[in-house]
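Here are a few questions to work through with the structure open beside you.

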Amino acid sequence: MSELLLPPEHRYAKIIKEQLNEDGNELSILNLGPTHPATHGIFQNILLMDGERILDAEPTIGYIHRAFEKIAENRPFYQITPLTDRMNYCSSPINNMGWWMTLEKLLGVEVPKRAQYLRVIVMELARITDHLICNSILGVDTGAYTGFLYVFQFREKVYEIYEEICGARLTTNMGRIGGFERDWTPKAFELLDTFLEEFPPAWKEFENLFERNRIFIDRTVNVGPITAEKAMSYGFTGPNLRAAGVDYDVRVAQPYSSYEDFDFKIPVGKSGDTYDRFCVRNAEVWESLSIIRQALDKMPEGNEYHAEVPDYYLPPKEDVYNNMESLIYHFKIVMGEVPVPVAEIYHPVEGGNGELGFYLITDGSRTPYRLHFRRPCFIYYQAYPEMTKGALLSDAIVILSSLNVIAGELDA
Amino acid sequence: MALENTAIQEKLVATFAEDVFNFQQERDIFSFEINAHKNTAIILFLKNDPDLRFHFLTDLCGIHYPENPVEKQFAVVYLLHNWYENKRIKIKTFINGENPEIKTLSNIFLSSNWMERETYDFYGFNFIGHPQLKRILNMDEMTSFPMRKEFPLEDGGRTDKDDRFFGRTIDNC
């Protein structure tokens with residue numbers, strides 16, 4: 001039967017044949033994906049199975065490849081933000097802010113403290129939604145639907161905050177060079193306060209449902225473990241690396257956007273298995289909540305929400321119609337005739353899944369000469385075959401879910 | 001004590017002489033160029049030296065410079081990170097435009113496997129010794145390498161998006 005599924009030159013064909021000669025049992029091939037409700041995205045894995053055990057996995061990726069790097073070479077800088085939205089679409093504000101900070105580093109723009117704090121708030125909100133989705137879906141994959149229903153409405157509440165800030169919900173396209181496109185409305189702060197009040201009890205309840213749950217522990221402890229050395233060699237970053245016991249976090253290693261002003265812990269795990277990844281993400285949500293509270297407390301007075309950089313920051317629309325200078329700046333920015341230095345820079349931010357890097361080369365024109373996204377998912381997903389080796393089929397689903405591989409970021 | 005640029009430079013020059021050159025601090029990252037045929041030796045040295053300890057490969061990508069002379073038309077960039085001292089370096093190496101090939105890092109960093117496959121997919125570099133050098137994001141049947149500058153973003157036959165009507169030419173867009 002396997003001859004029908006596999007071309008004879010495939011490496012599995014040889015393994016199957018050899019195994020058959022040894023003991024007469026035939027190994028089987030299972031196509032997991034590309035579209036399957038349990039994989040939460042377009043992932044294909046050709047699994048080589050011995051009964052319920054996985055002997056080998058061969059991931060195929062690229063099903064939603066959209067050539068962002070090529071498109072970016074043909075777009076002015078401010079038109080690249082919508083592309084970054086669509087990478088890790090569970091936490092698009094982090095991607096947006098990372099891209100603006102890359103440009104600010106390039107252009108030498110100093111962002112006012114208040115705008116930096118607002119950015120920190122929105123980035124931590126994004127991290128909360130990202131971890132919330134990952135952990136609650138992990139619950140669904142182990143058969144616990146209830147926890148998911150408890151917390152999922154809070155993603156909606158966060159999206160309402162995004163909506164107040166920038167008008168969009170999922171693909172936010174938020175911010176400008178030097179800050180935000182408009183000040184946050186009082187309504188946005190009101191929604192934020194409500195969220196900070198209502199979300200923690202629900203998250204506590206969610207934690208209680210899972211952390212000491214016998215079924216959940218049986219399904220996740222020692223499932224898909226990875227050692228710290230292996231994880232570093234595979235290029236793991238973010239919660240998946242921290243679950244293996246390495247306390248590397250870009251927010252601390254290279255603080256950006258005033259992260260050095262806040263006091264927060266870096267939760268780490270021990271064995272790097274699915275349960276540790278779950279716990280690290282849970283703990284990070286608490287840290288994110290604490291960072292948001294600190295940012296609100298320390299928020300400088302005033303209503304400054306962007307830097308005074310008329311060369312790069314679009315003027316208000318009424319000024320464009322009534323004011324000669326603003327009209328000129330508007331025209332120059334939209335037509336891409338602003339001065340851009342020739343440089344090569346790399347800027348990392350701590351995304352939902354790890355170090356999200358922007359490697360940008362400019363040649364002084366209106367578009368990047370080369371833009372490379374360091375996408376954490378893409379880099380650590382290559383460890384998946386090794387992590388599933390010897391596991392059960394149902395474990396493979398749980399491992400994929402706990403790694404939080406987002407198809408948009410994987411394929412860019 | 002933090003790892004100084006000069007310390008890195010001295011160690012590398014002492015070991016590899018003229019194969020490493022053009023050291024400079026570019027904004028917040030220390031960068032230099034290396035000769036392509038020495039890439040594995042230099043990166044292995046940077047990883048294993050007890051003082052340098054650049055143990056993490058952050059990123060690897062290709063660049064196309066069609067304007068350069070033929071032996072420098074492509075470049076591979078490695079970003080390494082030392083977490084102990086929190087020091088990043090950028091290594092650039094130029095390779096030939098007609099026959100781009102360079103040794104693989106997949107024996108040094110497991111993560112370079114897919115990064116090199118992605119670079120191959122986009123630029124067609126031959127990573128010598130790579131265990132599975134085939135396309136990763138694009139389909140296997142594709143014959144061209146889309147990130148090369150000569151590859152058009154859109155169908156060249158389109159007439160509805162003529163840049164001349166917007167006052168743009170090839171040079172200013």
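Q: In the hairpin that β2(A) and β3(A) form, which residue in the turn has a positive phi?
A: Keep in mind that this is a predicted model. β2(A) and β3(A) leave two residues between them in the hairpin. The turn residue with a positive phi, about 65°, is Gly51(A).

Q: How many bridges link strand β2 and strand β3 of chain A?
A: β2 covers residues 44-50 and β3 covers residues 53-60 of chain A. One bridge joins Asn45(A) to Pro59(A) in β3(A). The two strands pair in the antiparallel sense, and the number of bridges is seven.

Q: What distance separates the centres of domain 1 and domain 2 of chain A?
A: The domain assignment puts domain 1 at 2-60 and domain 2 at 111-333. Taken over C-alpha atoms, their centres are separated by 38 Å.

Q: Is Phe54(B) buried or exposed?
A: You'll find Phe54(B) in the loop between α2 (39-48) and β3 (56-64) of chain B. Its contacts, not counting residues up to four places away in sequence, include Leu3(B), Ile8(B), Leu46(B) and Phe109(B). Because its relative accessibility is 0% and the cut-off is under 20%, Phe54(B) is buried.

Notes: Residues numbered from 1 in each chain as written. Chains lettered and ligands numbered in written order. Predicted model: local features only at pLDDT ≥ 70, side-chain atom pairs only at ≥ 80, totals over all residues. Heavy atoms only, no water. Domains from an automatic or database assignment. Pairing = 2+ DSSP bridges. Helix = DSSP H or I, 4+ residues; strand = E, 2+ residues; numbered from the N terminus. Buried < 20%, exposed > 50% of the residue type's maximum accessible area, 1.4 Å probe, protein only. Contact = heavy atoms within 4.5 Å.
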